[in-house]
Amino acid sequence: PNPNPNPNPNPNPNPNQVVTFLAFEPSRGGLLMMALLAVIGPVAEIGLINQLHLYTYTHPDFLGIPSWITWVYAAGGPANGALGRQILHELSTREDK
């Protein structure tokens, strides 16, 4: 039996992330944000798990994290981009007053 019940160990983009990108943030900035989060999030988790021993996953695939976590972080790209734009907007309107 396979000790890893992960249904999608393939690191290639799955259709859900492509749809998320196209529906919510179809721009170069959005793609960059999704890519940055897909890298930075898992790297941070690897540190939290392996260096600080703060938590564990029950079925990790690579260095203590599951392979699907990359896509969870990537899917947060549009929300982070929107939040960043809103913060910049609020700061620019304060400076104008």
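**Entry 1: terms and ground rules.** I call a residue buried when its relative accessible area is under 20%, exposed when that area is over 50%, and partly exposed in between, using a 1.4 Å probe and protein chains only. The accessible areas come from the Shrake-Rupley method with a 1.4 Å probe, and for residues only the protein chains shown count as cover. I note that this is a predicted model, in which local features need pLDDT of at least 70 and side-chain atom pairs count only at pLDDT 80 or more, while totals for chains, interfaces and linings use all residues. Residues are numbered from 1 along each chain as its sequence is written, and side-chain values use heavy atoms, with hydrogens and water left out.

**Entry 2: the chain.** I looked up the helices and strands, which are DSSP runs (H or I of at least four residues for helices, E of at least two for strands) numbered from the N terminus. The chain has 4 helices and 0 strands, and along the sequence the pattern reads α-α-α-α. Of the 97 residues in the chain, 25% are buried. The chain exposes about 7,000 Å², and 67% of this is supplied by carbon and sulfur atoms. I also looked up contacts (heavy atoms within 4.5 Å): among those with a separation of 6 or more, 58% are between residues 24 or more positions apart.

**Entry 3: helix α2.** The 23 residues of α2 should span 33 Å, and the end C-alpha atoms are 33 Å apart, which agrees. The buried residues of α2 include M34, L37, I46 and I49.

**Entry 4: the aromatic rings.** I counted rings of Phe, Tyr and Trp (its six-membered ring) as a pair if their centres lie within 6.5 Å, calling planes under 30 degrees apart stacked, over 60 edge-to-face and the rest tilted. This rule gives 2 aromatic pairs. The rings of Y55 and Y57 have centres 6.0 Å apart and planes at 80°, so I list them as edge-to-face. Y57 and W68 are also edge-to-face, with 6.1 Å centre to centre and 85° between the planes. Both Y57 and W68 lie in the loop between α2 and α3, so their pair ties together parts that are 11 residues apart in sequence.

How exposed is W68? W68 is partly exposed, with a relative accessible area of 38%; Y55 is partly exposed at 29%, and Y57 is partly exposed at 22%. Y55, Y57 and W68 form one aromatic cluster.

Terms used
Expected span 1.5 Å × (residues − 1).
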